[in-house]
Each structure stands twice: as C-alpha cells, then as structure tokens.
Amino acid sequence: MRDVSLPAAPSPHRRRAAVRALLAVAAAAAALLPGAQPAAPATATAAVPVPVPAVDLPTTPLDTLGAIHTPEATTFRIWSPDSADVAVEVDGGTHALAPVELDGYSDVYEAVVEGDLHDEPYQFTVAGRDVRDPYAQMVRPGTTEGVVVNAAAVQPTGGWAATPPQENPEDAVVYELSVRNFTIDPSSGVREELRGTFGGLTETGTRNGGLTTGIDHLKELGVTHVQLMPSYDFGTPVPNWGYDPVNYNVPEEQYSRFTGAEDRVREFKDMVNAFHRNGIRVLMDVVYNHTYSQDVFGPITGAYYTPTDLSGTGNSIDDGNPMVSRMIRDSLEFWVRTYNVDGFRFDLLGVHHHESAAAWGTYLRETYPDRGLQLHGEPWCGGCTDAQEPSKVRYGTVPTLADAGIGVFNGAFRDAVKGGSRDTTMAYMNGDGDPAAVVRGVRGSPLETKSTAPLPDLWNPSFAHDPAQTLNYVSAHDDLNLWDKIVYSGATGGEDGRAGRIDRFATGIVMTSQGVPFFYEGDEFLHSKVVDGDWETAKNSYRAGDDVNALDWSEKAAHAGTFRYYRDAIALRRATPALRLTSWEAVRDRMATRTDGEVVVSAISADPAAPTAYDTVVVLNPTDADYTVALPAGSWTTVFDAGGAADRPGDRTAGSLSVTVFSRTGDGGEGADGAAFSVRATTVWGEHIAVVGDVPQLGGWDPARAVPLDPGSYPLWQAGIDLPAGTAFAYKYVRTTDGQPGVVWETGANRTATVPGGGGRVLLNDVWRG
C-alpha cells in the first residue's frame with residue numbers, strides 16, 4: 001500500500017464536479033414551510049431518461065430437459081446414465097422414453113406426447129421407481145410429480161416493467177431478506193393475507209407508527225438490490241430459511257397465496273416486476289451445492305452427488321459431472337430468462353469447481369450481455385476436507401472468475417472489522433485488531449499483481465481482480481447479526497452509547513470501502529435475534545420461530561438514529577463515485593491509503609484524468625480520541641460523520657470511533673456558491689424530474705423554465721445552480737412525461753433553503769412527495 005501525502009486542491013471545475021457527485025449528502029432535509037402556491041402548470045424542460053424500456057422476454061420454453069410444453073405436444077426429457085428403463089406417466093397413459101442426441105447433453109431419454117397437456121401432472125420413472133424431474137417448472141407439493149406448464153409464456157400483470165439501470169457492479173448496495181421474516185409480523189403493516197408471501201414483499205403504502213415499512217422502507221433506505229433468501233421449492237416447513245432444496249426451478253409454495261400453476265408463476269413474476277418498478281433489482285439465493293436429501297435425485301442416479309460430503313448436509317452436489325454442471329447452468333438461465341431476476345448469491349460456492357462457476361457466469365454474461373447480472377457466493381465449503389480443494393472456489397481461485405463476473409463474500413475483511421461471528425472478540429470496530437488488514441479491505445482486497453491465474457495460497461486475502469469481486473459485509477443471515485455480535489461481546493449503552501457507536505462505525509466502514517456493500521434485514525434498526533437470553537439460537541437461527549427471525553417494525557422508530565445513519569451512508573455511497581472505483585488500476589492509481597497508528601486515512605480521486613487530484617477523503621478512527629486530518633489546501637467540507645450526513649465546511653476533525661468523510665467543495669470563487677439538489681424519485685420510461693422555485697435561477701415558479709435534474713445516479717435526480725451567498729429561496733419538484741403536456745407538481749408545501757452566508761453550497765437531500 002502506498003503512503004503518500006495529499007496534494008493541493010485541483011482546479012475549480014473539478015471541485016464543482018466533486019460537489020455534483022455528493023449532492024445526495026446533507027445535514028438534514030429542507031424544512032417544509034407554508035408558502036405561495038406555484039403558478040399554473042406548463043411544460044418543463046425534460047432531462048435525459050434513465051430507465052430503459054422493458055424488453056419483452058421470450059415466451060417459448062428453453063430447449064433443455066424436463067417437460068417442454070407447446071399447445072400441440074409436450075416433449076419429456078430426463079438424464080438417466082444408469083438405466084434405459086425410463087418412462088413418463090401423464091394424462092392416464094404411460095410413455096416409454098428413448099435415447100436422443102442433444103448438443104451439450106449425454107444419456108438423455110425423450111418422449112413426445114401429442115396434444116395440449118397444459119396443467120397436467122406427470123411422473124417420470126427410472127428402473128420402475130418414481131423419480132422427480134430435476135427440471136420441473138411446477139410440481140404437486142409433497143410428491144415427485146411435476147406439472148406441465150410453459151412458465152415463459154405466463155406474463156406478469158400489466159406486462160414487464162423496465163429493469164432499474166445499473167452502470168457497474170460496484171454501484172450495488174445489497175440488502176438480504178427472507179420472504180417470510182420481512183413481513184410476517186403484524187407490525188409490518190402488510191395485509192394479513194399477504195404477510196410472509198411473495199406478494200407481501202411488494203405491497204406499497206404500509207406503515208408502522210407513521211413510518212414506512214416493507215418495500216417503501218427499502219426505497220427510503222436507498223438500497224439497489226434485494227437478495228432473497230431461498231425462494232425456490234424447499235423441503236422443510238416454515239418457519240425455516242429454506243437451505244434444503246427439492247425443486248430448483250419452482251417457486252416455494254409456502255410463500256404463495258395460490259395453488260394453480262400459472263397463478264404461482266405469475267405471482268413470482270409480479271413480485272420481481274414490482275421491485276423493478278420501485279427501482280430495486282432482485283437477486284436469488286441459490287443452493288446448488290446440496291439438496292434436502294439424496295432422495296431428491298438419488299433414485300435417478302447417484303452421479304448427482306459427491307462421494308464424500310462437502311456441504312455439511314450429507315448430500316453435496318457434484319458439478320464435476322458435466323451433466324450436473326449443465327443442470328445448474330440451465331437452472332440459472334431459466335430464472336434469468338423466465339422470471340427476469342437480476343443475479344444470484346451462491347450458497348457454499350466453495351463446494352463447486354471454479355471452472356464450473358466460471359463457465360456458468362461466462363455463459364450468462366455472453367447470452368444476456370445487457371442485463372448487468374450480479375453474481376457472488378461464499379468461497380468456502382461446509383467445514384469440509386476436500387481432496388480437490390485447489391480446483392474449487394477459494395480466495396486464491398477468485399481471479400479465475402473475473403471474466404465471468406463472479407465475486408465472493410470477503411470473510412477476511414469481515415473478521416478484520418468485527419472479529420469472529422460467534423465469539424466475543426470485536427477487532428477493529430472496537431479499537432483492536434490489525435489496521436493493515438483493514439487497509440487491504442477498504443481498498444477492495446486487490447491482487448498484489450493483476451492476473452486471472454489462480455494464486456498459490458488458496459486463502460490469500462488479496463484476491464480481487466477488480467473491486468466488484470469483493471462483497472463487503474459484517475452481518476448476514478448466518479451467525480450473530482451485527483447488533484447481537486456487539487452486545488454479546490460486552491459493549492453497552494444501547495443505540496446512544498458505545499454499542500450503537502460501534503455498530504455505526506462497522507457499517508460506515510463497509511459503506512465507504514471499495515467493492516460491493518452488503519447487509520442483512522433489520523440491521524438498519526438494530527433488530528436482535530436473542531429471545532429470553534438465548535444466544536445459542538441467535539448464533540444459528542435457520543429454523544427458529546418468528547419470535548426470533550421476524551422483523552419487528554416498531555424497532556425502526558425505537559432506533560431512528562441508526563436508520564438515519566444507514567440511509568445517509570447509502571446515499572453518500574451512491575452519490576460519491578470515488579467510493580465506487582471500478583478497476584484494479586483505478587484503486588492502484590487513484591486511491592492513496594495510509595495508517596497513522598490505528599487510524600486509516602484514504603484519499604480518493606473520482607477523475608481518471610487526474611488520478612492524484614483527490615476529491616474525497618475517508619478517515620476511519622477506531623480510537624477514543626478525536627483525530628485531526630491533514631487535508632490538501634482548498635475548501636473541504638465534512639459530509640459524513642458518526643451521526644450520518646453532515647455539512648461542516650472547514651472542519652478537519654474525525655471524531656472518535658467513527659467514519660468521517662470529507663469532500664472537496666470548491667474555493668469560494670465564482671460559481672462555488674449556490675444550491676445542490678438531490679431528490680429520490682422513482683420514474684417509469686419517459687418521465688423526468690425538474691426543480692422550480694421563486695428565484696430567477698429556478699424559473700421564477702414557471703415550470704417551462706424549471707431546471708432539469710440529471711438522473712445519472714438514479715433513482716437520485718440531481719443538479720446544481722449558482723446563487724449568491726445568503727440567498728433564501730423556495731422550491732418544489734415537478735414531473736414531466738414525454739408526449740404529454742404540462743407537469744405534475746409534488747404534493748405538500750413549498751420547500752425552503754438558504755445558501756450559507758459564508759459561501760459554499762447548501763446541499764439538499766429530498767424525497768419526492770406524492
């Protein structure tokens with residue numbers, strides 16, 4: 001790591017670019033005060049559109065295995081390497097399957113049954129035994145029978161919506177949730193019949209004590225992706241997390257309100273569609289490393305499973321077999337192509353061969369190049385001893401996955417920040433541990449030498465070919481969540497004491513590090529899984545009751561300060577390109593990181609053309625004393641501290657046990673004073689957001705002269721204007737739609753703000769009202 005001094009501030013136009021990058025950060029939202037109502041609507045200037053129009057997904061089934069339905073006939077196929085005695089029972093008849101040659105497959109048997117078999121149950125048999133269809137698109141719950149359906153032909157209600165745009169994987173902020181845990185508690189405000197279901201996840205307008213819950217909460221929080229814990233068909237009754245798969249291509253019926261095949265398919269598609277309409281992408285947690293038991297696929301052939309268990313379940317899947325690997329690839333494609341999901345989290349990716357994983361990722365990227373699929377997984381197995389470990393996914397083989405776009409959970413960085421996941425050691429977040437390990441993590445754990453070759457040390461923590469390959473986190477569904485870990489380790493004082501400060505410090509580290517940040521449902525309001533002092537259940541709550549795992553939404557009000565910190569940290573990250581560098585070279589050339597005792601200081605440039613013209617400085621201070629940082633000459637503002645968003649020009653103090661972020665905001669010269677607008681507004685194709693107000697620079701309440709906002713950090717719409725120091729003004733946001741006259745005004749009273757009397761920009765962080 002380079003230890004460098006910080007240079008003088010660069011030219012004013014670069015400083016103003018840095019301001020624009022930090023528009024979403026503010027000390028507080030502007031006050032909503034009564035004022036004159038705006039003039040009659042007129043057509044406002046339109047901004048560049050962000051969402052791309054939805055592309056009609058294919059309605060024809062994939063030509064793979066399973067039951068491939070058309071109205072004229074259904075083709076039944078299954079892999080059977082051990083027996084030629086293969087048949088299918090359907091519609092009152094039994095049909096023998098014969099060998100067939102298919103490109104990319106081997107030992108496949110096929111029968112074509114004439115007529116429209118839509119919604120008919122079917123049963124494969126191999127050597128006289130009933131076996132399930134590993135490719136089934138729908139099943140009869142509790143049986144080995146599939147149901148004939150062309151899931152691709154089922155359209156979501158109202159048709160496919162546009163997928164929220166994403167330029168780079170590093171732009172993601174991933175929120176992990178369980179379909180059941182998220183809404184099952186009455187405090188969610190979700191209608192009773194929808195609680196704990198796919199539909200409940202996306203019910204809008206829900207509240208608890210006047211505060212948003214459910215999907216509205218996620219929008220307010222600002223996350224870009226939800227990662228759904230297992231939502232395919234699994235074996236154990238809920239409450240249970242579902243890490244025991246039975247049918248990989250079937251939505252879990254316990255999360256459904258319906259029994260009909262098409263209704264269940266549409267329900268899942270509607271959920272994905274609703275997330276997309278609300279600006280959130282959808283990732284699926286997939287468990288291809290094992291099944292519920294060997295009875296799932298074993299009656300077909302034992303070749304599905306490894307000779308020695310690698311998953312800790314007794315039935316790990318062997319993707320070293322080409323047909324098993326192909327099944328996994330086909331399943332991944334099925335969810336992308338049919339259900340429009342945006343990526344996957346691979347449970348125990350370390351059970352799989354890195355060559356297999358690379359092949360899956362490469363195929364998906366090449367087949368769906370415009371989808372921006374997000375792929376990541378766990379680079380370890382289930383506590384196994386694996387004779388083939390060098391061929392499996394580990395830190396040391398992650399470079400081989402770079403071209404496939406696959407990253408991994410960074411357990412080394414996690415442990416450097418918080419200590420072990422079930423012990424009482426807190427490491428750096430409590431002022432202990434190794435600052436050098438934290439330096440490596442905040443820089444995105446880059447390879448010492450860039451290469452896609454595997455490393456000699458399979459557990460080398462410097463593994464990332466680019467920042468997207470590291471998932472940074474300190475809390476997930478496994479083990480103690482962050483808050484419980486802190487309290488279990490002896491920290492006291494609650495949210496307002498040392499315990500709360502440690503929580504915010506650890507979260508701030510994750511949100512300001514290079515890579516992809518990830519956190520777990522309820523972390524943002526200090527949800528605890530400890531009930532009646534039962535720490536052991538909290539350490540491994542995969543089958544605990546709703547009293548342990550379900551979110552209690554009243555905690556959002558009880559811990560409002562923590563929620564604000566998470567929200568502000570996400571807004572900071574999304575508005576600051578310097579925190580989202582996109583290559584190994586960018587980290588090397590544009591990020592200088594040094595330690596001063598335990599304090600870690602990073603200076604980062606967002607400008608590739610000026611790699612040492614740093615516009616953002618991040619200070620991690622784990623000590624109990626304030627730290628004064630030496631910043632370059634020029635005007636700097638504290639934009640983030642232990643309390644969240646801040647606005648303190650000229651202050652160079654990094655508080656104790658906190659993450660502090662400084663932004664270069666200009667030198668007070670011409671054009672440096674004014675207002676920086678940032679409003680969170682979800683739009684559909686053809687809609688644009690602008691700002692209008694009572695000063696000439698904002699159109700004098702004339703929407704035809706409104707200032708268009710830039711959607712480059714969608715769903716944040718942003719722009720800056722120059723105003724004299726001390727100017728007080730009123731403003732509101734308006735929405736326009738291509739091809740339609742007039743504008744739609746946001747609801748509520750006029751917003752008001754004042755440019756600082758000493759110069760600089762007033763930073764406005766708003767949410768569209770209406």
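## Cavities

A cavity is a set of points, on a 1 Å grid over the protein atoms alone, where a 1.4 Å probe fits but cannot get out. Grid points are joined across faces, edges and corners, and a volume is the space filled by probe spheres set on the points. This is a predicted model: local features need pLDDT of at least 70, side-chain atom pairs count only at pLDDT 80 or more, and totals for chains, interfaces and linings use all residues. Residues are numbered from 1 along each chain as its sequence is written, and side-chain values use heavy atoms, with hydrogens and water left out.

Searching the whole structure turns up seven cavities of 30 Å³ or more. The largest cavity holds about 120 Å³ of space. It is lined by 14 residues, and the closest to its centre are Leu-62, Thr-64, Leu-65, Gln-137 and Phe-334. Lining residues have an atom within 4 Å of a point. Helix H6 supplies the largest share of this lining, four residues. Helices (H or I, at least four residues) and strands (E, at least two) are DSSP runs, numbered from the N terminus.

## Nonpolar cores

A nonpolar core is a set of buried Ala, Val, Leu, Ile, Met, Phe, Trp, Tyr and Cys residues joined through side-chain atoms within 4.5 Å. Buried means under 20% relative accessible area, exposed over 50%, and partly exposed in between (1.4 Å probe, protein chains only). In soluble globular proteins, nonpolar side chains tend to be buried together.

The largest core here has 161 residues. Phe-76, Trp-335, Phe-344 and Leu-620 have the most contacts inside it. H6 (residues 322–339) gives the most to this core, with nine residues. A second, separate core has 23 residues, including Val-679, Val-707, Trp-717 and Leu-764.

## Helices H8 and H9

Helix H8 (411–418) packs against H9. H8 is mostly covered, with six of its eight residues buried. These are Gly-411, Phe-413, Arg-414, Ala-416, Val-417 and Lys-418. Besides H9, the buried residues of H8 pack against S19, strand S20 (470–472), helix H10 (482–488) and H11. Just after H8 comes Gly-419, with a positive phi of about 80°.

Helix H9 (residues 435–442) is largely enclosed by the rest of the structure, because six of its eight residues are buried. They are Pro-435, Ala-437, Val-438, Val-439, Gly-441 and Val-442. Their partners are H8, helix H11 (498–511), strand S22 (591–596), strand S23 (599–604) and strand S24 (616–621). At the start of H9, a side-chain oxygen of Asp-434 comes to within 3.0 Å of the backbone nitrogen of Ala-436. Gly-444 follows H9, and its phi is positive, near 90°.

## The disulfide and a loop

A disulfide is a pair of cysteine sulfur atoms within 2.5 Å. The whole structure contains one. It joins Cys-381 to Cys-384, with an S to S distance of 1.9 Å. The torsion about this S-S bond is about -100°, so the disulfide is left-handed. Cys-381 counts as buried, at 12% relative accessibility.

Gln-388 sits in the loop between strand S18 (374–377) and strand S19 (406–409). At 44% relative accessibility, Gln-388 counts as partly exposed. Gln-388 and Lys-485 lie 97 residues apart in sequence and 34 Å apart in space, C-alpha to C-alpha.

His-217 lies in helix H4 (residues 214–221). It is buried, at 0% relative accessibility. A polar contact is a pair of N or O atoms within 3.5 Å; within protein, one must be able to donate a hydrogen and the other to accept it, and residues adjacent in sequence count only if both atoms are side-chain atoms. Such a contact, at 2.6 Å, joins the side chains of His-217 and Glu-524. Not counting residues up to four places away in sequence, His-217 touches Tyr-175, Thr-212, Glu-524, Phe-525, Trp-553, Lys-556 and Phe-563.

Thr-616 is found in S24. Its relative accessible area is 1%, so Thr-616 is buried. The side chains of Thr-616 and Asp-615 make a polar contact of 2.8 Å. Among the residues that Thr-616 touches, beyond four places away in sequence, are Thr-576, Ser-602, Trp-636 and Phe-662.

Technical notes:
Contact = heavy atoms within 4.5 Å. 1 Å grid on protein atoms, 1.4 Å probe; cavity = no way out; pocket = protein on both sides within 12 Å on 5 of 7 lines; lining within 4 Å.
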